[in-house]
Amino acid sequence: MTALRPLIAGNWKMNGLGSTIAQAYEIAMALGATPTRARVAICAPATLVDRLARAVEGSDVIIGGQDIHPDPSGPFTGDISAEMMADASARMVIVGHSDRRSAYGETDALVARKALAALRGGLEPIICVGETRAEREAGAALDVVRRQVRGSVPSGLAGSDFAVAYEPRWAIGSGRTPTLDQIEEVHRAIRDEMTRAFGERGLGVPILYGGSVQPSNATEILKGREIDGALVGRASLKAESLLLIARATG
Ligand code: PGA
């Protein structure tokens, strides 16, 4: 179990309408009645960020976004900047999720710019990395993840709050997860990269695991060394399951 304060972040992806706000409210109420050791965040579609933030106001629930453009403003039709996200009351943002790396060809360099943009806008970025199934089968998972971390986590983040999420692409939405040993091995490599880049402060960077985290496997995963929380997709859409995962942090 991690010595850091764990972070359990839900990633609603392209799911959620006004009616879904009740789920966040339920989480806020439940955490108010029985707080958890973990920080709990919901990274929501941009259309819901402002309304969610108002629905959970005064609670410990953190509302975040799922992506930002690296620039503060400009002719980027359809995009949203960190400043806009923060203006909508987001406090966190996911950058470099594999959905975006694979569907939109986001590179490590772009992800690094987005991470710095988050900082500029006052948001805490969750920077995602993770290997494909073919890369794992070729024995290249550690090399791939180390390379992604070096390219996507800029040194300019030194001294600010951010998290890294290890999300093996083959585990996302598949119901399959790596073994605890495999997760710990990658998290150790990420921790090593963090201390190389940020010295002592690298020990304080939360390293989250993501990919088919469910109430049924959360306790097993979250007890692992260097596993400081989880990025949760499908299971975060139901208040009850996100709460169960948050409570699995002890
Ligand atoms: P999943 O998604 O929990 O549904 O596998 C995780 C993620 O994509 O962040």
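**Close-up 1. Cys-43 and Gly-64 in the pairing of β2 with β3.** In this predicted model, Cys-43 stands opposite Gly-64 in β3. The strands β2 and β3 run parallel and are joined by 3 bridges. Between them the chain passes through α2, and this β-α-β crossover from β2 to β3 is right-handed.

**Close-up 2. Strand β3 and its pairing with β4.** Ile-62 and Gly-64 point one way from β3, whereas Ile-63 and Gly-65 point the other way; all are buried. In a regular strand, side chains alternate between the two faces of the sheet. Strand β4 (residues 92–95) pairs with β3 in the parallel sense over 2 bridges, and Met-92 in β4 stands opposite Gly-64. Together with α3, the strands β3 and β4 make a right-handed β-α-β unit.

**Close-up 3. The buried side of helix α2.** Leu-48, Val-49, Leu-52 and Ala-53 are the buried residues of α2. They cover an arc of only 135 degrees around the axis and therefore lie on the same side of α2. An α-helix has 3.6 residues a turn, so residues three or four places apart point the same way. The elements covering the buried residues of α2 include α1 (21–33), β2 (39–43), β3 (62–65) and α3 (82–87).

Close-up 4. Thr-47 lies in helix α2 (residues 46–55). Its relative accessibility is 60%, so Thr-47 counts as exposed, the cut-off being over 50%. Arg-54 is also exposed on this other side of α2. Lys-13 is 34 residues from Thr-47 along the chain, and the C-alpha atoms of the two are separated by 12 Å.

Conventions. Residues are numbered from 1 along each chain as its sequence is written. This is a predicted model: local features need pLDDT of at least 70, side-chain atom pairs count only at pLDDT 80 or more; totals for chains, interfaces and linings use all residues. Side-chain values use heavy atoms; hydrogens and water are left out. Helices (H or I, at least four residues) and strands (E, at least two) are DSSP runs, numbered from the N terminus. Buried means under 20% relative accessible area, exposed over 50%, partly exposed in between (1.4 Å probe, protein chains only). The arc is that of the directions from the helix axis to the C-beta atoms. Contact means heavy atoms within 4.5 Å. Two strands pair if DSSP finds at least two bridges between them. A crossover is right-handed if, with the strands pointing away from the viewer, the path from the first strand over the helix to the second runs clockwise.
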